[in-house]
Structures are given as C-alpha cells and as structure tokens.
Amino acid sequence: YQQYGPPDVLKIQEVDKPSYGEDEVLIKVRAVEVTKADIEMRSFKFSVLWFWLPLRLAFGVTKPRKQILGTYFAGEIVARGDGVTEFEIGDEVFGTAGLALGAYGEYVALPASYPIARKPSNMSFVEAAAVPLGGFNALHFLTRAEIQPGERVLINGAGGVIGAHGILIAKAMGGEVIAVDSKVKEPLIRKCGADEFIDYQEENFVDREGTYDVIFDMVSSSNTKACIDLLNPKGRYLSGNPRLMTMLRCVLTNKTSDKSATFAFAAEDTESLASLRQMVEDEKIISIVEHVLPMEDVRDAHNLVENEQRRGAVVIEMP
C-alpha cells in the first residue's frame, strides 16, 4: 500500500525477494493473520487517539514508509545467515515480524533473535499464524493477574483475538470466566470455554450484581472506575487498550487502594512464544481461525476485520 486509506489502497505487486544478513533468516511465509493493527496502519485511524502523532512520525507522515503490512505469521525457513545457529533450513516456524512488518509478502527476512519459534506440531500453518497476537497479549496480562483456581475473571471484549486467547489462558489457570461481547461472537466465546456470556448490546455488565477477582478489559471506551469498583478486595484490573484517562485511573488505584490496575503493554519475546507453543501442544490453546482467504482477497480480509464481520481470526494463506 502506497497511501493511507480504505482497503482499496491495497494491491498485489511483484517486488524483489528480501535479502538477509549474517544474523538473519529468510522465511517463506505460509500464512499471516490480518489484525486490527493492520487495519489501523492502513487507514491511520486509531481507537486510542494519543497513538496517532508518534505513529505517524514513525511510519510516514504523508505516506507509509514500509509498504508491505503483516506482523504475525507462520512459515518455513528457506535460508539463513552464517551467524545463525538457532534454526535449520526447513524448520517450520511461527512468530512476529514486529515493527519490521513485511509478512504479507511471500518471503520475509528477519533477525534470528526476533520472537520466532518452531511451529506447534499439532497446528497447521494457518492455525499457528493466529496464535502470537492474541497469545502474547493474553498471556502477558493474565500472568500479571496471577489467577488462582476458582477466581472469577471477567473479560470485556472477549470475542476479539486477544480476548478469546484470554478465555483459553484464564481457564487453563483455573479461573471461572465471564465473557462480555456481542451476540454474534457467542459461538467463539463458548468454543473457548467461557462459563458465562453477557451480550453487551442487551445488558451492561457493570449493572449486574456480583463482583470479580480479575477484570481483563480490551474495550478502550470502558468506564474504568466502574470496572475497578466491581473488583473484590485485592482484585486486579488489566487494560489491554488504554486511553490516557485509563492510565491515570490505574495509577491512582494503585496508590489509594488494595486493588491493582495494570496497563503495561505486552513484551513479545521468544520465551513467551515458547510458552504459547507448549500451551498449544498441551491443548490448552486451540485454533480460533474462522476465515482463511488467498492473498488476492486481501481487501476482503481487511473488510472482515474492520467491520467486525467475523467470529474468530482472519488469516491469509499464501500460494
């Protein structure tokens, strides 16, 4: 994409195969997840407005500097630099290209030190490509929550990719999960094992009786104070999509009560990716893929994600 705008700015084009350095691997991409971040970078419209200026400066003021999108992928290593010892040619891997982007291409060259790991043996390339985004973030926050067996965990925005992985990980930790999202997302939420579902279009969860030990909030427009008020003593609030006011409320909560509030962003590292791979192979994380499209339908893939016309991840499968 050579300009910001709607899905129509995306086009398929032949480019040179990327070169790779001494400490890099060349990966033939087999599948790549289409994410909300892809949509936001393509359109340059962000739900959290304070992101806009620093990202515009970083990614290009008048047009995108990096014109091949794509972050979370699965593929096969087809070449490596002389300094790479962690991987062999032919290894099937999954991971993230981070801010280097480029995973919408048939090939991507990345440092071997990036969060890349061997693909889970019990997942296809398509299934594995949809794990890192949701997995990194959900694991990051719910590990911080230190969920104990039997604790009540509410996940707001549970039908998104991060929220769905949050259900899986919270259940693996022994939590009782109450999931909030729209009715159309209920099949995915039930598939992931939620104990209870709340349709936010029919009922505001903050008006319900009952309290929670943990609230994992992926909705940027949430009433942060109301959520924190719903916590039990020593309860934990986790914001995965914070506004500036949410951050300030979290700081205030930590200073003035026995409850804790967290908004720190997830670190995407090799250790976390290895943990996710183990959870997949232990069948604690399952596939949440709903739509698989070929690269020529990339605009349709963006429309599905942008308009929330999905009940699971959207993945592009390479030829």
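Helices (H or I, at least four residues) and strands (E, at least two) are DSSP runs, numbered from the N terminus. The structure described here is a predicted model, in which local features need pLDDT of at least 70, side-chain atom pairs count only at pLDDT 80 or more, and totals for chains, interfaces and linings use all residues. Residues are numbered from 1 along each chain as its sequence is written, and side-chain values use heavy atoms, with hydrogens and water left out.

Two strands pair if DSSP finds at least two bridges between them. Strand β2 (residues 72–80) is joined to β3 by five bridges, and the two run antiparallel. Strand β5 (residues 116–118) is also antiparallel to β3, with three bridges. Val93 of β3 is the bridge partner of Gly75, and in β5 the partner of Val93 is Arg118.

The aromatic rings come next. Rings of Phe, Tyr and Trp (its six-membered ring) pair if their centres lie within 6.5 Å; planes under 30 degrees apart count as stacked, over 60 as edge-to-face and the rest as tilted. The structure holds three such pairs. Tyr4 and Phe44 form an edge-to-face pair, 4.7 Å centre to centre with 65° between the planes. Tyr4 lies in the segment before β1 (24–34) and Phe44 in the loop between α1 (36–43) and α2 (52–59), so this pair ties together parts that are 40 residues apart in sequence. Both Tyr4 and Phe44 are buried. Phe141 and Phe216 form a tilted pair, 5.4 Å centre to centre with 35° between the planes. Phe141 belongs to helix α4 (residues 132–145) and Phe216 to strand β9 (residues 212–217), 75 residues apart.

Two loop residues may be set side by side. Lys185, between β7 (176–181) and α6 (186–191), is buried, with a relative accessible area of 6%. Phe265, in the loop between β11 (260–262) and α9 (270–281), counts as partly exposed at 45% relative accessibility. Phe265 and Phe141 are 124 residues apart in sequence, yet 8.4 Å apart in space, C-alpha to C-alpha.

How values were computed
Buried means under 20% relative accessible area, exposed over 50%, partly exposed in between (1.4 Å probe, protein chains only).
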